[in-house]
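This report looks at salt bridges and at one pair of strands. The sequence and the structure come next.

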Amino acid sequence: MIKELAITEHPVSACVPPNYRVTLRCRAKGSGLLQYQWFQSEDEEVPGATQPDLVITAKKTQVYVCRVNDKHSNCVFSEWVKVKVWQILRADIPLTWQGQPQIVVHPRSVTIKHNEELKLLSFAFGIPPPRYQWYLNGNLLQDQTKETLLIKKADKDHQGTYLCSVSNVLEETWTEPAEVNIGNTTDKVALLIGNLNYSNHPNLIAPMMDVHELANLLQTLNFRVVSLLNTTKEEMTAAIQEYVKLLDKGVYALFYYAGHGYENSGRNYLVPIDAPQPYRRDNCISVQRTMQQMQEKHTALNVVLLDTCRKWYNKDCAPSEVKPLVPLGNTVYGYATSEDAEAYEVQDGSRSSGIFTKYLNKHILLEEKVTHVLEQVSEDLGRDPLIIGKQVMEIKHTLNEPRALTDQVCTTGHTVELRERNLNWSRANELPERRVLKFPCGTEVELSFSALFSNMITVFATVKKTGWKTMDCSVSLQSTPVMEDVFSSSDDSTGGMGSLLLSGPDDADCSLRLSGLQKLKRNLILKVDLHYTSMDSRQRMVESKQEDIGKPLVAKCELHKSAKPLERREGKVMAATFQAPPQRATTPLGQPCRPSTRKAENAREHNEPEENDESELLNLAFRSLGQKSTCT
């Protein structure tokens, strides 16, 4: 009796990394001695493959089939199988792996625009190859059963948390979750700090105009902006802490600083206005620490822009090795200058600007990927004849998605978080309401308010109605406590902002500019003195009113509460003082401008910061940033 020839065990497909050894098994029953021959296409034999088991070292994706013959010249073929080889740089396959699904690519969180294509990828090795099933917010997606989830036009219904089940006959496992946001970003928040009036270091002019112009541009891009001038170490620290409270998933975060700074052992430091001479690391703000706080909020984009020097100290000492922490994507650094170099501002007597910020403001409204914007800034800066060979911009980033500062905000599904952020942000930007004061003589004076910065307010007093027996009315303003106007020097130390600082109602009779509101510890009281001539007595008269306007703008944040007690030395209280910038010789219009540096010292040997502790370097190191320009 002749046994019928039949396959009893078919080979099994596989999905493996390159150079993995795979064994394909084929078993058959029939009469007499059976002969096996493996093929790698319909008519191409695998040389020497005449055994039931085919052992191969997988180099590329290939299909195989086995033919079995008996002594009666009957033949039968196994099922076709595919050995899929996925080219991946690194695949950590355990030595004891038996073929259960081994996920090597997890889907990544993305933010896309409405009606854009949504594509998520999950990939796993397995023998047999894994099956895929995608889920959105815990709900099975019927048609999404491939490695790649593809939705041609995604809308708000496709927003949420995606997971993929990966399984074969041996095991089921799950990918890491991926968050998908539709509409680019849930919010945009920016903190801008400009330090120019230093107590113990050369004063600057440009940060004032730079911060003002950049704030206006960011506001047109729907950023919530907090802008501060002349901040101490404690005030900067507190401001950053308050700023971080505004950050959350889906938020675009931007931090900008203009002022003195330096670099040491691969770390960047910002110099507050009260930094002593000489200053130490403890007197300054760590940029990397600030970025770490931003990253811990899992924001959708973190951008740090620094218009400051990066001169090294202790040049003879090799920088300590900085070990990277776990890298996070969508982080961008834009440095005004390269390592161990200075950043410059142009002071032409009528208008001043940091050269980096000048070109940043020129391009920042472009609807392009943020790194492409910075590349154009770098190209323009490189062509500026004033700084050729002196200042070269540097960009570092881990941007893995095409994010732009012009991306539209979509708050769908995030209204609760948005409401909370709005309350926190408004604390630093809320102006007092316009009001009218009525004097006994019948005259009415309107008080109105404007702010160019979050810690500077201008009060305007306007006589709206004169009493029926008054004439020649004038108004004067005072504040309690007295808030110093640090921009009242005789020269134009405002870098071209003189007219802007007094912008307000055209018919205002008096104005009062109050700076440093972050130092305010109690409500601000305005004293309004009305001077007029009595039509009865023909004498000059004065009537006064006091008006409580609360804590305006950033004063509500009470940044001073985090300030440390004043340090006492030799029985004297050492406190930071604001000083007006010294008078500078201006460059006549039409003549070349001479750039000045933003380096915080005059003689390095008298102003050498303390060396960084190695422990802090390891704890607060760069997050493995990809660089567009190489640092030495």
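## Cut-offs and model

A residue is buried when its relative accessible area is under 20%, exposed when it is over 50%, and partly exposed in between. The model is predicted. Its salt bridges number 21.

Asp 187 and Arg 224 form a salt bridge. The closest N and O atoms are 2.8 Å apart.

Are the two partners buried or exposed? Asp 187 has a relative accessible area of 4%, under the 20% cut-off, so Asp 187 is buried. Arg 224 is buried too, at 13%.

Arg 25 pairs with Glu 9 in another salt bridge. Here the closest N and O atoms lie 3.1 Å apart.

## A bridge between two loops

The side chains of Lys 311 and Asp 340 also meet in a salt bridge, at 3.7 Å from N to O. Which parts of the chain does the pair tie together? Asp 340 lies in the loop between β27 (331–335) and β28 (344–347). Lys 311 lies in the loop between β26 (301–307) and β27. The pair therefore joins parts that are 29 residues apart in sequence. Lys 311 counts as buried, with a relative accessibility of 13%.

Some salt bridges share partners. Through them, Glu 9, Arg 25, Arg 27 and Asp 53 form one network.

## A covered strand and its partner

Strand β35 covers residues 510–515. How many of its six residues are buried? Five are, and the strand is mostly covered.

Strand β35 pairs with strand β33, residues 456–465. The pairing is antiparallel and runs over six bridges. One of the bridge partners in β35 is Arg 513, which faces Thr 458 as its partner. In a regular strand, side chains alternate between the two faces of the sheet.

Methods: Residues numbered from 1 in each chain as written. Predicted model: local features only at pLDDT ≥ 70, side-chain atom pairs only at ≥ 80, totals over all residues. Heavy atoms only, no water. Salt bridge = Lys/Arg side-chain N within 4 Å of Asp/Glu carboxyl O. Buried < 20%, exposed > 50% of the residue type's maximum accessible area, 1.4 Å probe, protein only. Helix = DSSP H or I, 4+ residues; strand = E, 2+ residues; numbered from the N terminus. Pairing = 2+ DSSP bridges.
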